[in-house]
Amino acid sequence: MRHFLIYELPITTYNFCMDIETRYNLTLDYLYSFVDYSLKHSSELAKADFNLDRMFALMASLGNPQTKYPIIHVAGTKGKGSVSALCASALTAAGYKAGLYTSPHLEDYTERIRINGQPISHEQLSELVDEIKPHVAKIEMLTTFEITTALAFMAFEKNGVNAAVFEVGLGGRLDATNVVLPKVSVITSLSYDHMAVLGNTLALIAGEKAGIIKLGVPVVSAPQKDEALAVLLRIAKERSSELTLVGRDVTFERIQSSLQGQELNVIDERNKLKSAQRSGVKLQFPLLGQHQVENAATAYTALKVSGIQITDEQIQTGFSQVQWRARFEVARLDPPVILDSAHNQDSFEKLSESLEEYFPGKKVYLIFGASEDKNIPGMFAELRSKIQKIIITRADHPRALSVEQISGLADRAGAEWEARTPVKEALRRALELSTKDGSIVLSAGSMFVTAEVMKEWKSLNESTLE
């Protein structure tokens, strides 16, 4: 009982009698005491009462901080995090105090709320939570994600952010971030994911994602399959929102790619993007894979369409400096260790293409875990020719499938496998096998598994240095 009473004490009572980390952990306890749908099973997600009424009420109570600075709003199935990170890095390079809100986090909760590339401090998150508590107490049924999104809006206002990028959490239409009136709405590549909530056709999924399109606000879309594009075009027309389609209105071509990064040329085919040169703008960035070239072209177009003042030179600088972890991140070159966030069939297809491009012919020891709503056979199929062995594991997450469930699917895929838990043992086993034949150690299938692999990899390297 004392554990909950401490939340009700005023800051002056306890703020100075505990260290920052203790207070931060109590802050996380508070946030996780609400419904957190990221921890719920897909059957519960399908029945969830998603609506924006609670969020609008909370924002009104807080004085609508989301209206205090221009926002780029990014939805999509794949690539939305990379596009968001690229946009935020460019805004920082342009001299803006740039906010970036993304989810989930990999290692620390404050990664979700960044200013000029840096997460807010544990102390500031605790202070913001203390401030929001009385507002939260007035509104029933708020969720962890809704409160965290509100905290991001607050943090950016209090820190004088003058441009921000918000990544949608799930879907778009009913996502907590969809209380914004952005300068531009961005929709990245659409594919099948979270179908229990968003629908089991690309048209239905596109309809949910297109829910971020606002009346008269321009839209930028990455290249889409015809079924999804038809929906985006229809909804944009209904809302009098001009849609710029990357690959049609703005074209791009990869110039070069290596493990050090990539370069592309972007051309405005309609000559409408302010200061864009007809001969094209060359952009260099460190993210790897052909799909990231598409993401970079989409981010560039979003920045130019937004109306936020930014030059091509500033975008070039920002893109070259972007940091975005666990996206085909080569943590070691020999034998290779790769950390990736691929967690659906489409992203595994892109992952397979990147493996063949940068490490042609090499086999992989795949450290694999997945959530219950994923198309695991489809993921295995995309990597079938490259898998030496699957090291099946399970993240410390309530939606994670058991190793027994995954092993049955691995058998059906005809893949060799073994099970190792916890995740750190899976990494150690994969590294042991890799030293014998030089195959790649690859973590993919679940952001939560890869986050735990990252933590253990960091620990192993730190212990080696001691």
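**Close-up views of a predicted protein chain**

Of the 466 residues in the protein chain, 58% are buried (under 20% relative accessible area; exposed is over 50%, partly exposed in between; 1.4 Å probe, protein chains only). This is a predicted model: local features need pLDDT of at least 70, side-chain atom pairs count only at pLDDT 80 or more, and totals for chains, interfaces and linings use all residues. Residues are numbered from 1 along each chain as its sequence is written, and side-chain values use heavy atoms, with hydrogens and water left out.

**View 1. The protein chain holds 18 helices and 17 strands.** Helices (H or I, at least four residues) and strands (E, at least two) are DSSP runs, numbered from the N terminus. The C-alpha trace spans about 65 × 60 × 45 Å along its principal axes.

**View 2. Ser84 sits in helix 6 (residues 80–93).** Ser84 counts as buried because its relative accessibility is 0%. Leaving out residues up to four places away in sequence, Ser84 touches Val74, Leu100, Val165 and Glu167 (contact: heavy atoms within 4.5 Å).

**View 3. Strand 17 (residues 440–444) is largely enclosed by the rest of the structure, because five of its five residues are buried.** Ile440, Leu442 and Ala444 are buried on one side. Val441 and Ser443 are buried on the other.

**View 4. Strand 17 pairs with strand 14 (residues 364–368) in the parallel sense, over five bridges.** Two strands pair if DSSP finds at least two bridges between them. Tyr365 has Val441 of strand 17 as its bridge partner.

**View 5. Strand 13 (residues 336–339) runs parallel to strand 17, joined by three bridges.** Here Ile338 is partnered by Leu442 of strand 17.
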